[in-house]
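Trainee: Could you help me see how the words used for a protein model tie back to its atoms?
Mentor: Gladly; let us look at one together.

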Amino acid sequence: MKISILGNSTGGRRASAVVALSAVLALTATACGDDGGAGGDGAEGSGKGEIVFWDNNGGVRTEIWKEIIADFEKANPDIDVQYVGIASTEYQSKVDTAIQADGLPDVGGISASMLAGFAAQGALDTLDFRLAKSPLNGKLNKDMIESMRAAGGGDDKLYSIPTSANNGVLYYRTDLFEKAGLEEPTTWDRFYEAAEKLTNKGKNEFGYTIRGGAGSIAQALDAMYGQSGITSFWDSSGKKTTLNDPKNVEALEKYAALFKKVTPAADLNNDFTKMVAQWDSGTIGMLNHNLGSYQDHVKALTADKFRGIPQPTGPGGKRVQVSNPVDGVGLFKSSKNKEAAWKFIEFATSAQSNSKFNESAGQVPAHADAAKDEWINKAEPTKLAAEALSDGSTTIVQLPYYLPDWNTISKADNEPNFQKVLLGDMSAKKFLDTMAEQLNEAQAEWQEQMG
């Protein structure tokens with residue numbers, strides 16, 4: 001019997017906004033098949049046999065997933081888990097292809113950002129029934145659970161068990177800041193001052209590394225809304241996005257102007273892995289990423305040479321950030337051995353496994369007991385992120401993951417255009433107007449479908 005478990009990616013289709021977590025956390029899971037759907041309804045199966053795991057973040061999370069799989073196989077000797085790592089940039093397209101070819105695995109990492117698209121194609125089982133009977137029930141962070149429900153596209157069903165939450169982080173080199181006599185970049189004004197002062201192109205030293213390749217849009221939006229102070233993605237009518245508000249246009253112009261002025265030229269094509277590796281190996285002052293790269297920086301630089309702090313504050317001392325999708329694990333409806341697949345999901349999201357995974361990833365655990373573990377106090381960026389999300393200092397702009405076209409619009413359609421903005425071949429206003437028009441149309445279609 002084969003079970004496949006897929007990993008997670010960034011993107012999405014019809015998932016609703018990620019709720020700003022309450023700070024410390026909790027977990028759960030469940031599933032029962034509906035009629036129809038890609039590859040049929042599958043079956044409960046024997047609860048034994050071979051399991052295949054498709055990891056959405058192959059390479060980055062391979063080591064920790066293999067450790068969890070080994071623990072699971074030791075506890076469940078009648079189930080064999082095969083691991084398949086898939087790069088985050090390729091994950092959604094591979095799942096979409098598998099849906100059309102009836103080649104889905106049993107289980108997959110499903111983040112809120114991609115959830116709606118898979119659910120709309122009938123590929124996922126609902127998990128409410130299984131969760132209700134599970135020891136995990138009542139142990140998952142309520143905000144993460146609600147984020148997953150909202151991300152499903154409007155039916156309020158749970159299609160993915162949350163594992164963790166991420167948050168935007170500004171990493172900066174404390175040694176370089178101290179040497180230059182710079183203050184911590186807690187405001188956007190200090191950020192821009194440091195970016196300029198730490199740049200010496202003749203010595204190949206740069207103040208900042210900007211993400212111009214895959215995944216660039218979310219990072220640009222984070223910087224944009226953070227500077228403009230606009231706190232909602234839609235206007236009061238709920239029909240038009242604030243994306244191309246004049247304040248956002250001005251903010252993006254300023255941010256994009258950093259390219260090649262205080263950043264390496266290679267940034268134009270850098271995805272997060274290349275950007276992180278570049279920062280870890282060079283003499284670059286600052287990096288915007290998320291909690292997920294914290295351990296990479298510790299290994300490369302040691303913890304005494306950098307800090308990871310919440311995003312800078314903007315107008316009036318307010319911190320505004322765009323939402324990061326909650327991560328999770330889902331059960332594919334076509335699975336022929338759902339009982340064994342669910343056993344794996346339960347194990348992977350248990351307190352011990354959830355703590356182990358998030359300590360490695362540097363992210364906020366979904367399981368309440370895992371959230372109390374001592375490592376969180378030692379992982380400063382994770383601790384600060386949890387505090388920022390719960391102490392009232394941060395406003396989260398909820399991105400429309402629930403839109404079936406969100407992933408296409410925010411990635412395939414507009415990442416090339418953002419590169420044109422960096423190169424000066426397209427204005428920030430034209431870029432944002434184009435994207436806003438697409439989003440307004442997608443929102444109108446979604447609202448019509450929802451009645």
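This is a predicted model: local features need pLDDT of at least 70, side-chain atom pairs count only at pLDDT 80 or more; totals for chains, interfaces and linings use all residues.

Mentor: Residues are numbered from 1 along each chain as its sequence is written, and side-chain values use heavy atoms, with hydrogens and water left out.

Trainee: How do you know that the chain agrees with a compact globule?
Mentor: The radius of gyration is taken over C-alpha atoms, and the globule rule is 2.2 Å times the number of residues to the power 0.38. For 451 residues that rule gives a value near 22 Å, and the chain has 21 Å, so the two agree.

Trainee: What makes a run of residues a helix or a strand?
Mentor: Both are DSSP runs numbered from the N terminus: helices are H or I with at least four residues, strands are E with at least two. This chain has 18 helices and 13 strands.

Trainee: Why is α8 called largely enclosed?
Mentor: Buried means under 20% relative accessible area (exposed is over 50%, partly exposed in between; 1.4 Å probe, protein chains only). Twelve of the 13 residues of α8 are buried, so the rest of the structure largely encloses this helix. Among them are Ile217, Leu221 and Tyr225. Just after α8, glycine 229 takes a positive phi of about 80°.

Trainee: How do you know that the length of α8 is close to the one expected?
Mentor: The expected span is 1.5 Å times one less than the number of residues. Helix α8, residues 216-228, reaches 18 Å from its first C-alpha to its last, close to the expected 18 Å.

Trainee: What makes β4 and β11 a pair?
Mentor: Two strands pair if DSSP finds at least two bridges between them. β4 and β11 have three, in the antiparallel sense, and glycine 109 stands opposite valine 329. β5 also pairs with β11 in the antiparallel sense over three bridges, with proline 162 and glycine 328 as bridge partners.

Trainee: What makes a set of residues a nonpolar core?
Mentor: Its members are buried Ala, Val, Leu, Ile, Met, Phe, Trp, Tyr and Cys residues joined through side-chain atoms within 4.5 Å. The largest here has 70 residues, and Trp65, Ile110, Phe118 and Phe344 touch the most other members. Helix α12 gives the most to this core, with six residues. A second, separate core of 53 residues includes Val421 and Leu439.
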